[in-house]
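Here is a set of questions and answers for a reader who wants to work through a protein chain from its overall fold to individual side chains. Please keep the sequence and the model in view while reading.

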Amino acid sequence: MNETIQNILARRSIRRFQEKQVEREKVKLIVECAFAAPSAGNSRPAHFIVVDDKEVLRSLGEAHPFGKMLKACPLAIVVCGDPTQSDLASLYWEEDCSAAMENILLASQALGLGSVWLGVQHNPQVEFAVKEILSVPSHIKVLGIAAIGYPAEKKDPHEGILDGKVHLNKW
């Protein structure tokens, strides 16, 4: 099977991490992959906050109701978008940032790391807290947080297609 397809199918949400730092070279590659994501009209509204400070990770873990793994992971990348950057960015920043987030998750998997996407955007209280912790400007939106590290759990790859979820030509 194709290596790229294997990587996509093997990517699972990992919530337990080893106490091992992620190498700077890997962090740089992950961020480079995030910037390679497609963007409407090449508007590029995404911004990334790389977090490896234990106290900041702990604060983020306390602020997010499903983010307790942030207290124990060595790395997080917070994906933000600037909807004020352009007309296209105002319309499609969420799609653009979601594509970047998926690239972060897939790049992490390809580098032997585990990751999980923690949604932020549609929870105003969590977004407010994250923005406060990270000093994010008021006009910037926070899409989500990727918790990343060396996995301390193993999950089987995805396989198959869910019944009743694929439609041909019409619903």
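A residue is called buried under 20% relative accessible area, exposed over 50%, and partly exposed in between. The model discussed below is predicted.

Q: Is Ile49 buried, partly exposed or exposed, and in which strand is its place?
A: The place of Ile49 is in strand β1.

Q: Which residues does Ile49 contact, leaving aside its neighbours within four places in sequence, and how far is its C-alpha atom from that of Ala76?
A: With those neighbours set aside, the contacts of Ile49 are Ala76, Ile77, Val78, Cys80, Leu134 and Val136. Ala76 is 27 residues away from Ile49 along the chain, and the separation of their C-alpha atoms is 8.1 Å.

Q: In what order do the helices and strands run from the N terminus on?
A: The secondary structure consists of five helices and four strands. Read from the N terminus on, these elements follow the order α-α-β-α-β-α-β-α-β.

Q: Among contacts between residues at least 6 apart in sequence, what percentage joins residues at least 24 apart?
A: Contacts here are between heavy atoms within 4.5 Å. Among those that join residues at least 6 apart in sequence, the share that joins residues at least 24 apart is 78%.

Q: Which element gives the most residues to the largest nonpolar core?
A: The largest nonpolar core has 24 residues, of which Phe48, Ile77, Val79, Ile104 and Ile148 touch the most other members. Two or more residues of this core come from each of α2 (24-35), β1 (46-51), β2 (75-81), α4 and β4 (141-149). With eight residues, the element that gives the most is α4.

Q: Which residues does Phe48 touch, not counting residues up to four places away in sequence?
A: Phe48 is one of the core members that touch the most other members. Beyond four places in sequence, the residues it touches are Ala34, Phe35, Ile77, Val78, Val79, Ala100 and Ile104.

Q: How many residues does the second, separate core have?
A: This core is separate, and it includes Leu60, Met69, Val120 and Ala147. Its number of residues is 22.

Q: What is the nearest side chain of opposite charge to Asp96, and how far away is it?
A: Asp96 lies in helix α4, which covers residues 87-110. Asp96 is buried yet has no salt bridge, and the residues it touches, not counting those up to four places away in sequence, are Pro38, Ser39, Ala40, Ser43 and Pro45. A salt bridge needs a nitrogen and an oxygen within 4 Å, whereas the nearest side chain of opposite charge is 7.4 Å away and belongs to Arg44.

Q: Which parts of the chain does the salt bridge between Asp52 and Arg24 tie together, and how far apart in sequence are they?
A: The closest N and O atoms of Asp52 and Arg24 are 2.7 Å apart. Asp52 is partly exposed at 29% relative accessibility, whereas Arg24 is exposed at 56%. Since Asp52 lies in the loop between β1 and α3 (54-63) and Arg24 in helix α2, the pair ties together parts whose separation in sequence is 28 residues.

Q: Which residues do salt bridges that share partners join into one network?
A: Arg58 and Glu62 form a salt bridge with their closest N and O atoms 2.7 Å apart. Being four residues apart in helix α3, the two are separated by about one helical turn. Salt bridges that share partners make one network of Glu55, Arg58 and Glu62.

Q: Is Phe128 buried or exposed?
A: Phe128 is found in helix α5 (residues 124-134), and its C-alpha atom is 9.0 Å from that of Val142, which is 14 residues apart from it in sequence. Because the relative accessibility of Phe128 is 55%, this residue counts as exposed.

Notes
Residues are numbered from 1 along each chain as its sequence is written. This is a predicted model: local features need pLDDT of at least 70, side-chain atom pairs count only at pLDDT 80 or more; totals for chains, interfaces and linings use all residues. Side-chain values use heavy atoms; hydrogens and water are left out. Buried means under 20% relative accessible area, exposed over 50%, partly exposed in between (1.4 Å probe, protein chains only). Lys and Arg count as positive and Asp and Glu as negative; His and the chain ends are not counted. A nonpolar core is a set of buried Ala, Val, Leu, Ile, Met, Phe, Trp, Tyr and Cys residues joined through side-chain atoms within 4.5 Å.
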